[in-house]
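Hi everyone, thanks for coming. Please have a look at the chain on the screen, and I'll walk you through it piece by piece.

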Amino acid sequence: MIMKWLRENVYAAGLLLVLRVYVGWTWLTAGFHKLTGGFDATGFLKGAIAKPPMDKATNELIYPTFNAFIENFALPNAKLINIMIPLGEFLVGLGLILGTLATAAAFFGLMMNFMFLFAGTVSTNPWMVLLGFILLAAGANTGKFGGDYYVLPYLRKTFRKLNKGGDGHDPNKTAGGTRAPMGV
C-alpha cells in the first residue's frame, strides 16, 4: 500500500521533489567543492587501509574484500579515484536536482554511500542511505516533476524501437502471430 502510494501518487511525487532536491544539493555541493578544491583521496584511502572496520570480538576485518579492493585497486589508481569521486558526486547531485535519470542517480548515490561506509566513514552516510532508499524505492515517481517527465517516455520509445530492430519490425512476430524464441 505505501509502495503503491510512493510510486504512483502525485502528492508523493511532490514530497519526493523536495527530498530529491535536498539530497541532490548535498551531493552536488560535496562534488563541486571537491572538483574546485584540489581533492585528493590518497590520505583517505591510506587511512582506510591502516584502520579498517574491525570486529571488536575477533579482531578480524569486517569487509576483507572491500579492503582488498582499496589496497589493490583504489590506492594504486588514486588519480582515477580523484576524478571519479568528485565527478560522481556532482553528477548524482545534478541528476537528482534536475530530476533527470533520478532513479539511476539515487542508485549511484547509494553505491557511493556504501563504499564510504565500508571504508569506515560514518559521517552523514547513514542519513543519505535512508533518504536514497526512499528515492530509489519510489522509482520513476522520483523524477515525475523534473526531467524524467520528458526523458523516460523518450527512452522507452527509443528502446522499444531498438528491440523491434530499428525499423519498427518486431523480429519475433510473423504474419500469422508470434514466433517462438530460438531454443524453445
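**A walk through the helices**

Let's begin with the overall make-up: the secondary structure of this chain comes to 8 helices and 2 strands. Keep in mind that what you see is a predicted model. If you read along the sequence, the pattern is α-α-α-α-α-α-α-α-β-β. The chain has 184 residues, and 30% of them count as buried. Now look at contacts between residues at least 6 apart in sequence: 71% of these join residues at least 24 apart.

Next, how helices pack. In general, two packed helices are described by the angle between their axes and the distance between the axes.

As for handedness, H2 passes H5 in a left-handed crossing. On the H2 side, the residues making this contact include Trp25, Trp27, Leu28 and Phe32, and on the H5 side they include Ile85, Phe90, Leu94 and Ile97. Sorted by class, the contact of H2 with H5 has 17 nonpolar, 3 polar and 3 charged residues.

The second pair is H6 and H7, where H7 covers residues 125-137. At what angle do the axes of H6 and H7 cross? The answer is roughly 155 degrees, and the axes come within 9 Å. That makes H6 roughly antiparallel to H7. Their crossing is left-handed. Among the residues that meet here are Phe107, Leu110 and Phe114 from H6, and Met128, Val129 and Phe133 from H7. The contact of H6 with H7 divides into 12 nonpolar, 4 polar and no charged residues.

Which residues of H7 are buried? They are Asn125, Met128, Val129, Leu131, Gly132 and Leu135. These buried residues pack against helix H2 (10-36), H5 and H6. Here is a handy rule when you look at a list like that: an α-helix has 3.6 residues a turn, so residues three or four places apart point the same way. Just after H7 comes Gly139, with a positive phi of about 60 degrees.

Now for two single residues. Gly99 sits in the loop between helix H5 (78-98) and helix H6 (102-118). Is Gly99 buried or exposed? Its relative accessibility is 0%, so Gly99 counts as buried. Leaving aside residues up to four places away in sequence, Gly99 touches Arg20, Gly143, Gly146, Gly147 and Asp148. Also, Gly99 and Asn141 are 42 residues apart along the chain, with 9.8 Å between their C-alpha atoms.

Finally, Pro64, which is found in helix H4 (residues 64-74). Pro64 counts as partly exposed because its relative accessibility is 45%. Where does Phe118 lie relative to Pro64? The two are 54 residues apart in sequence and 9.7 Å apart in space, C-alpha to C-alpha.

Definitions and conventions:
Residues are numbered from 1 along each chain as its sequence is written. This is a predicted model: local features need pLDDT of at least 70, side-chain atom pairs count only at pLDDT 80 or more; totals for chains, interfaces and linings use all residues. Side-chain values use heavy atoms; hydrogens and water are left out. Helices (H or I, at least four residues) and strands (E, at least two) are DSSP runs, numbered from the N terminus. Buried means under 20% relative accessible area, exposed over 50%, partly exposed in between (1.4 Å probe, protein chains only). Contact means heavy atoms within 4.5 Å. Axes are lines fitted to C-alpha atoms, for helices over the stretch in contact, and angles run from 0 to 180 degrees between N-to-C directions. Angles under 35 degrees count as roughly parallel, over 145 as roughly antiparallel, 65 to 115 as roughly perpendicular and the rest as oblique. A crossing is left-handed if the near helix is turned anticlockwise from the far one by less than a right angle, and right-handed if clockwise. Ala, Val, Leu, Ile, Met, Phe, Trp, Tyr, Cys and Pro count as nonpolar, Asp, Glu, Lys and Arg as charged, and the others, Gly among them, as polar.
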